[in-house]
Amino acid sequence: MIITQKKPIEEVMAMVGDAKTVAIVGCNSCATACQTGGQPQIDELTKVLEAAGKKVVATTICDYCCMNLGVKSKMKAINAANPDVVVCMSCGDGVQCVAKNANNKPVYPSNNTMYLGEAVRFGVWEESCRFCGQCVLGSTGAICPITQCAKSLVNGPCGGQKNGKCEVNPENPCAWIKIYERLNATGELDKLSKTREDKGYGDFAYPRTISLRGK
Ligand code: SF4
Ligand code: SF4
């Protein structure tokens with residue numbers, strides 16, 4: 001899931017500025033799970049805005065703020081309320097999708113978008129993928145070296161580990177020791193002797209679009 005964190009409320013209020021009326025859009029997917037964009041967070045932000053003299057004229061929760069069709073439908077009620085500004089409590093992707101459907105009203109993010117991560121237990125999310133676009137998990141024991149190695153090394157360790165811990169982030173295990181142990185357990189140590197290609201980050205031209213409909 002996309003992991004988000006709340007921005008400091010002062011930053012949100014600075015964006016809202018002198019606006020008198022505000023609408024709030026939450027997201028029923030990742031942001032709800034991260035407790036940054038569900039109904040409790042909408043209620044909390046509503047109280048803060050109203051305490052500051054703003055009028056919250058409409059709120060809604062999209063199933064996924066990153067899915068244009070659903071957002072378009074939910075934004076009808078928001079646009080009908082004609083707010084001065086909209087605060088979107090989703091990831092950055094959702095904020096951009098909501099803004100496209102906000103009748104040219106300013107749309108402000110209440111969250112910082114952190115990473116693609118795994119919910120390892122309630123309230124704890126570990127970073128797991130950086131969307132590199134050239135996944136190497138098939139040769140690394142399904143442990144991501146781009147994300148879990150502090151130097152994003154794809155062809156083995158830097159040699160700086162101490163007692164199995166990363167030299168850059170000593171609280172973390174060395175990713176390449178984990179990869180070795182996983183490949184050993186799965187009987188795939190031969191994969192360590194194969195060189196992985198340079199990631200070729202320069203090959204991308206942003207923004208990328210993936211379509212199943214052809215051109
Ligand atoms: S190698 Fe890592 S960063 Fe790249 S796509 Fe796979 S999991 Fe994501
Ligand atoms: S100690 Fe391990 S995880 Fe840390 S930078 Fe070196 S190879 Fe990567």
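## The surroundings of ligand 2

In this predicted model, the shell around ligand 2 is made up of ten nonpolar, two polar and two charged residues. Altogether, 14 residues surround the ligand. The closest of them are Cys149, Pro157, Cys158, Cys166 and Cys174.

Strands of a sheet pair through backbone hydrogen bonds, in either a parallel or an antiparallel manner. Here, three strands form an open sheet in the order E1-E6-E7, and their pairing is antiparallel. E1 and E7 are the edge strands, each of which pairs on one side only. On average, neighbouring strands of this sheet are turned by 70° against each other, with direction ignored.

## Pairing of E1 with E6

Strand E1 covers residues 2–6, and strand E6 covers residues 111–121. The two run antiparallel and are joined by five bridges. Within this pairing, Ile3 has Tyr115 of E6 as its bridge partner.

## Pairing of E6 with E7

Strand E7 spans residues 124–129 and runs antiparallel to E6, to which five bridges join it. Gly117 stands opposite Glu127 in E7, while Arg121 has Val124 of E7 as its bridge partner.

E6 and E7 also form a hairpin, with two residues between the strands. In the turn of this hairpin, Gly123 has a positive phi of about 80°.

How values were computed. Residues are numbered from 1 along each chain as its sequence is written. Chains are lettered from A and ligands numbered from 1 in the order in which they are written. This is a predicted model: local features need pLDDT of at least 70, side-chain atom pairs count only at pLDDT 80 or more; totals for chains, interfaces and linings use all residues. A residue is near a molecule or strand if its C-beta atom, placed from the backbone, lies within 6 Å of it. Ala, Val, Leu, Ile, Met, Phe, Trp, Tyr, Cys and Pro count as nonpolar, Asp, Glu, Lys and Arg as charged, and the others, Gly among them, as polar. Two strands pair if DSSP finds at least two bridges between them. Helices (H or I, at least four residues) and strands (E, at least two) are DSSP runs, numbered from the N terminus. Axes are lines fitted to C-alpha atoms, for helices over the stretch in contact, and angles run from 0 to 180 degrees between N-to-C directions.
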